[in-house]
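Hi everyone, thanks for coming.

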Amino acid sequence: MFSKILIANRGEIALRIIRAARELGVRSVAVYSEVDRNSLHVRFADEAICIGQAQSSNSYLNIPAIMSAAEITDVEAIHPGYGFLAENPHFAEICESCQIKFIGPTPENIRLVGDKMAARTTMQKIGLPIVPGSTAVIKTKEETLKTAKKVGYPVIIKAAAGGGGKGMRICHNDITLVSSFMTAQAEAEASFGNANVYLEKYIEKPRHVEIQILADKFGRTLYLGERDCSIQRRHQKLLEESPSPIVDSKLRKRLGELAVKAARSVNYASVGTIEFLLDQENNFYFMEMNTRIQVEHPVTEMVTGIDLIKEQIRVAAGEKLHLNQDDIHIQGASIECRINAEDFENDFMPSPGKIETLNLPGGPGVRVDTHIYPGYEISPYYDSLVAKLITHGRNRQEAIKIMQRALSEFIIAPIKTTIPFHQRLLEHPLFIKGNISTHFLQEILKEREEE
Ligand code: MV4
C-alpha cells in the first residue's frame with residue numbers, strides 16, 4: 001500500500017478521499033487554492049500546500065503546481081477525484097513519467113473512451129449494442145444526409161470529443177440537418193479543439209442507467225449493480241438512485257456482464273462506469289464510459305456495502321481484489337440528492353455566500369457527504385455542489401420516506417439551495433412510481449411555470 005498520496009481536488013470529494021486514505025493507514029496531502037484556505041480538506045489532510053489562485057486554471061488545473069506539490073511532499077500517488085484533471089490522459093501520463101501512480105486507469109484507457117466515436121466502434125466490435133448511426137466520424141453534408149436517411153429521423157449529432165451533453169444537436173428533417181451538422185462541427189472545434197462529429201438515431205425520452213465496474217490489475221473485473229441517473233436538468237444530474245426502478249435482476253445481469261466484457265476488452269484496472277440509454281421498450285444501448293470515480297458513487301456503496309474509494313486506492317497500489325462476483329449483493333435501495341447552492345425558484349441561478357446557519361440531518365439510513373460548516377463561504381469560482389444527501393432503506397419506498405424526513409431536517413441559511421426542489425420532486429406521483437425519463441424534469445418544471 002502507498003504510505004502517502006496527494007489529492008488533486010477540493011470540496012466534498014477531497015474530504016471523502018482523505019477519509020478513505022485515513023482508514024487505509026495512508027497519509028494524505030491536500031492542495032488548495034487561495035480561497036480554499038479554510039476548507040475542511042485542508043484541515044483534515046496530514047499536510048496541505050497552496051497551489052495558486054481561485055481560478056481553477058491557476059490551481060486545480062495547474063499541472064506544474066500540482067506536480068511540484070507532489071515532489072515537495074514526496075507522495076507515491078495522486079488521486080484526481082472527479083472533474084478537474086480526473087479524465088485528462090496528459091495528466092495521467094505526466095504522473096507516470098514522474099514515477100507517481102495516477103489513481104485511475106491508464107492514459108491509453110482514458111484517451112480511448114475520451115473519443116466517443118472510437119469508444120462506440122470498440123464497444124460494438126466486442127458485442128455491445130450501440131445506437132444505430134454512423135460507423136465513423138462524418139465529414140461531409142452528403143454523408144450526413146445519407147446516414148440520417150439510413151437510420152431515420154429524429155437523429156442526434158454529437159461531438160466525438162464531447163460527452164455529458166456538450167455540443168449535441170437533435171434534428172427532425174433534412175432541412176435542419178445540414179445546418180446542424182455545420183454548427184455542431186464549429187461548436188465542437190471551438191469547445192474541444194476537435195471538429196469531429198458523428199450521428200445517431202435519437203432515442204426519445206430515454207432512461208440513463210449506468211453500471212459500476214471495479215477491476216484489479218490481475219484481470220478480476222466485477223460489476224456492482226446499476227445507478228439510475230435519469231433525473232437531470234441541462235445534463236446536470238440532480239438525483240441518482242440504485243437500484244434502478246426499471247431494471248430487474250435479469251436485465252442487471254445482462255448489463256453487468258456486458259459492462260464487464262467492455263472493461264476487460266481494454267484491460268481496464270480501476271473503478272469505472274459504463275453508461276447505457278434504455279428506450280421505452282427497455283432496449284439498451286452503450287453510450288459512454290467514464291474512467292473516474294463519479295459524484296453519485298455513494299448510492300452504489302450503500303447498496304453493496306463496498307467502499308469504492310478504498311477499493312480504487314487498493315487496486316491502484318497493485319493489490320488483488322478480495323471479492324468475487326458472487327460476493328456482490330444488492331441490499332435495499334439508496335437515493336442521492338445533490339444539494340446545490342442554487343435558487344430553483346430562479347432558474348437554478350447560483351447562490352454563493354456565507355453559511356450562517358447549518359443543520360445536517362442524521363438518524364437511521366442517512367449519510368451526508370459535504371465539506372460545509374457554519375461560517376463556510378461558498379465560492380463562486382467552483383461548481384455549486386455543497387452536499388450530497390444519501391439515504392438507504394430496505395426498499396425504494398423506504399429510501400424515499402427517509403429522504404423526505406432528512407430533507408425536512410436539513411437547514412442551510414441564508415443561501416438558497418436545491419433542498420426545496422428535492423422536496424417537491426420526492427412528492428411527485430410519477431417519481432414515486434419510478435416512471436421517469438431524462439425528460440421528466442423538463443416536463444415538471446414546465447408544469448410549474450404554467451401553475
Ligand atoms: C442520446 C439521447 C438520445 N438518443 N443519444 C446526453 C448526455 C450524453 N451522455 C448522451 N446524452 C443523450 N444521448 C441518442 N442517440 C439522449 C441523451 C440525453 C439528452 C438529450 C437531449 C436533452 C437531454 C438529455 C438528457 C439526457 C440524455
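Let's start with α12, where Arg-396, Ala-399, Ile-400, Ile-402, Met-403, Ala-406 and Leu-407 are buried; buried means under 20% relative accessible area, exposed over 50%, with a 1.4 Å probe and protein chains only. Down the axis of α12, these residues fall within an arc of 165 degrees, so they line one face of the helix; the arc is taken from the directions from the helix axis to the C-beta atoms. On the other side, Gln-397, Lys-401 and Ser-408 are exposed.

A quick word on the source: this is a predicted model, where local features need pLDDT of at least 70 and side-chain atom pairs count only at pLDDT 80 or more, while totals for chains, interfaces and linings use all residues. Residues are numbered from 1 along each chain as its sequence is written, and side-chain values use heavy atoms, without hydrogens and water.

What do the buried residues of α12 pack against? They meet β11, β14, β19, β21, α13 and α14, contact being heavy atoms within 4.5 Å. Helices (H or I, at least four residues) and strands (E, at least two) are DSSP runs, numbered from the N terminus.

Now the wider picture. The largest nonpolar core has 39 residues, and Phe-410, Ile-412 and Phe-431 are among those touching the most other members. Such a core is a set of buried Ala, Val, Leu, Ile, Met, Phe, Trp, Tyr and Cys residues joined through side-chain atoms within 4.5 Å. Its largest share, six residues, comes from α12.
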